[in-house]
Amino acid sequence: MVTRAPYRRRTAEQDTFLARLFVLPTAGYVIVLVAVPVALAVAYALSDVTVAAPRYDWVGIANFAAVLKDQVFWRALTNTLVFTTLTTLVAVVGGSVVARLLFAKVFGRRVVRVCVLLPWTTPVTLSSVSWLWLLDPVYSPLDWVGRQTGLLGTGASVNWLGRPTLAAACIVAVQAWRLTPLTAVIIMTGLAAIPASVREAARMDGAGPLRRTLSITVPLTLPVTAVAALFCAVFSATDMAVVRILTNGGPTHATEVVASWAFAKGIDGGNLSEGTAAALFLTPVLLAAALAILRAARRVELR
Amino acid sequence: MLLTAVRPARRQLLRGGALLTAALATGCAHEDEGAFATGSLSGGPAEAFAPPDHRLSGSLRILMWSHFVPTHDSWFDAFARRWGSRVGVDVTVDHIDLGQIPTRVAAELHAGQGHDLIQHVAPLPQFEPAVLDLADLVAEANRRWGPQLELCRRSSFNPRTNRWYAYAPGWVPDPGNYRRSLWAAVGLPEGPSTWDELLQGGTRIRRTTGIRLGLGMSQELDSNMLGRALLWSYGASVQDAQGRVALNSPETVAAVEFMARLFRSAMSDEVFAWTAASNNHGLVAGQLSYITNSISAWRTAQRSNPDVAADTYFRPALRGPAAALASYHLLYNWIIPKYASGAAAAQEFLLHYTANYAAATYASKLYDLCAWPALTPDLPTWLGRDPFRAQPPDKLALLADAARWSADLGHPGPTSAAVGEVMSTFVIPNMFARAARGEVSAAVAVADADAQLRPIFRRWRDLDA
Amino acid sequence: MAASQVRRRRIRRRRTGRILVHAMAYGAALIGAGPFAWSLLTAVKLNRDLYNPTHNPLWFHDPPTLDHVRYLLRHTAFPTFAWNTTWTGALVVAATLLFAVPTGYALARLNRPWTASLGTAIFLVYLIPPSVLFLPLSEVVSRLGLQDSAWSLVLLYPAVTIPVSVWLLMGYFKAVPGQLEEQALVDGCSRLGAFRRVMLPMAIPGMVAVVVLAFILSASEYLYALAFVSPTAQKVVSTGVPTELIRGDLFYWQSLQAAVVLVALPIAVVFNHLLARFVVGFTAGTMGIGK
């Protein structure tokens, strides 16, 4: 007991020094490159600045008030919440399944793994352009298959992106398709970290694979799954490429999200201060969602 | 390490893939010559050069769009460099996708550094505080070549501040494109000339052949343009001549009701989520009987579906109860930011470019038209006998007086930043779309759109004050 | 009798289990790679084959052609773009690992009073959409003289990849059993030594995930690349390809699909190799799936 105390003191001092050494460079880097622009962005939102930039006049919260009065913004906010929630659900559930499949010993598993990774490894601008053709009202291969199998009449097409609800479903589907490999990889690496002893013990108990999954691996990977859900939510909520390329927010703002609307208003339209104000509305919403996910995960973890 | 990890099975796969590629490379088909439009076109007009008034030096950095005709970009890049070497200026030209130009310009203006001369395919009134007033340049151009085309002048001048926020040497018209065989079958071989003819003919074509017509009501460029064309034809407009919001009027409601009827009779709901390329696709695939577009759709068809191209003809703006007016398809705006060190060189280059606009028109396959028509004396000849294999050769002849039936975006008022924001937020296409889909009545759609416009106009007006 | 019945039932259950797993695996592969298979086919189609809506989009009606792939490789600057994406991505990954690994460890294991709030703060900062940040950042970039250089991306992208990587690694470091580290400390290692000798090797799956994530985030990013880099020689794939192959309302569809395949496939193959080597084989046994 006597020999223990000095050992802990030594590492306590080392710990502080090490912690500072390990964390401060990162914190400094991120603060300069992110926090400073964020502060500037907040300054924009509180002014009447435009894309042409030279003048700065304080207007207080007038922009935020204007954004809240904008019907299109409310549509965009609702869409963002709905799309993000659905995308995250699909991608996390799908990713959990795929993560286990990535371990599975199936015939040709190397090819299977590459195939499963592909949606995430393409730059989002390029994969969205591919989907533009796949959902084209004239040339869509999906429509062609429908026509061949008789599900669609001759010359008919589904008009995937021209119908409000269907277009929204397509956006969610493309986002989920794109993000599932990401959640799968994150969960997969979490699964790999489960000590072999735990799994062996479960198998010895005679539990079937499904029971093992539900009662052992799911709770153990819950922190990692929560992180995967968090990233999925953040990446789909702040993404504007898929919407801009596929529908540009249409039809009649049915697929408009805050990120695309803020850009259309602020950059394309020149109304920078109002666009920035709209984009900043996302942050507290995402923060609330993030905290909720993390708190739920921690509660399960502690149990 | 990677090599040793490559198992025999994978090596076999690689070998198979290599064989497949080799097979493709040797025994496969080729596109027609001219499918890619690379290199430069032969037969263009000679290049004129006038030495600049003052000695130039330094560098000139130009940013412009990737022209839909690649030969134009090859010609332009070489043209700019030739000029640069003659006057002692180091010229570089960068191209980006047209949708990305406003983003890039905003970034450069905020950084206070970037290109000296930037071109966009639509007016840029929102950047007026940060760019040079080009009054002298425009005055010099008018002195040399006569008065500028009215719609180009109005799309580069702010009457409220009396400043020229851009230089507009060229534009692209937006005629109607129709399929002659289909329209001849319903008794209109020259295509529709009024909106009512469009409605009746289009309906009959749809009933007999199932082929629809396509007027976009989507959040994209073409929809903005044709929406305004319809409004003007009915005597309606977004703003009045003084720049005040004037959308909510019986004329506008009539126009919206007409569009709703047109949609129900002759269109499908694909038109609600079109991209700028969608009406091109529909035409080339033979699935649309009428669209409004520049000649780009037909030029594409020349390469990918020559039968449709031969059957596609052009019409000027459709006539409505009040007028026959269409918007332009593109309007070139060149701006010089205040931070530009190469401003003098930029202005001299613009004069040189304008003087040689005939070459630009030719290199763009008659897509770009000049704001000073005297500079393109061969244009009527070219339009009457297309150097690029139009069938029949005089297909483009009607574009010779396209300015007569084209108007600028803000018509009858000025093209202001408010007008630009209205464009970027797609108020007009969505107004038409909501009524066409029956979500709301035409009157409500118009009233809602009007209510959306007012805060935008008020804000930009407050800024100006 | 009963024992053999039980055994037969177990064998049957295992077989249906195997069939089910195979079906799901192939189904997932089809969903993931279906669009790419289509891209591969489309990249070698003739115009008159592709632009005819009656033709089969899933196979060839006219013979295939390499003209469009040749156009991509020879008449656009695609090789330059691909090279720029690769080297900026590699540097961004290196920078991300360099910053995020120690930080993730410190926030997970070194319990200082400020680590919890800093961890949250680092993540918060990521919730601002880049569409808001890119304008203020243009000022920073130009003041550093990095405007129009691909190096501006190497400087900026880690700010995007580090926060998420820190959070990812925090999870992995937390999952390492405390006894392993305690053991090393008792054996006389300093904290830094324990970190290097015990924690790092245990967190290799997490680091692989960070490599995959950071590279793809870097290759996928387009807004900063658009705002800060305009010369063709410095562009990356995500901005360069649309510029050269989307001209107004004309899309060079076949060349675009060729670009998609040429970018996505090598990345997927390399990452699959990384995952197979460092993650799937990481543990002593398999998950017992499909056995």
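In chain B, four strands form an open sheet with mixed pairing, in the order β12-β6-β10-β13. Strands are DSSP runs of E of at least two residues, helices are runs of H or I of at least four, and both are numbered from the N terminus. Two strands pair if DSSP finds at least two bridges between them. Strands β12 (369-370) and β13 (406-407) of chain B each have a single partner strand, so they stand at the edges with one side lacking a neighbour in the sheet. The model is predicted: local features need pLDDT of at least 70 and side-chain atom pairs pLDDT 80 or more, while totals for chains, interfaces and linings use all residues. Residues are numbered from 1 along each chain as its sequence is written, and chains are lettered from A and ligands numbered from 1 in the order in which they are written.

Strand β10 (residues 326-331) of chain B pairs with β13(B) in the parallel sense, over two bridges. Here Ser327(B) lies opposite Ala407(B) of β13(B). Helix α9 (residues 221-233) of chain B packs on the sheet and touches β10 and β13 of chain B. Contact requires C-beta atoms, placed from the backbone, within 7 Å. The direction of α9 makes about 150 degrees with that of β10(B) (axes fitted to C-alpha atoms, for helices over the stretch in contact; angles from 0 to 180 degrees between N-to-C directions).

Chain C holds 13 helices and two strands. Its C-alpha trace spans about 75 × 70 × 25 Å along the principal axes. In chain C, 76% of the contacts with a separation of 6 or more join residues 24 or more positions apart.

How values were computed: Contact = placed C-beta atoms within 7 Å.
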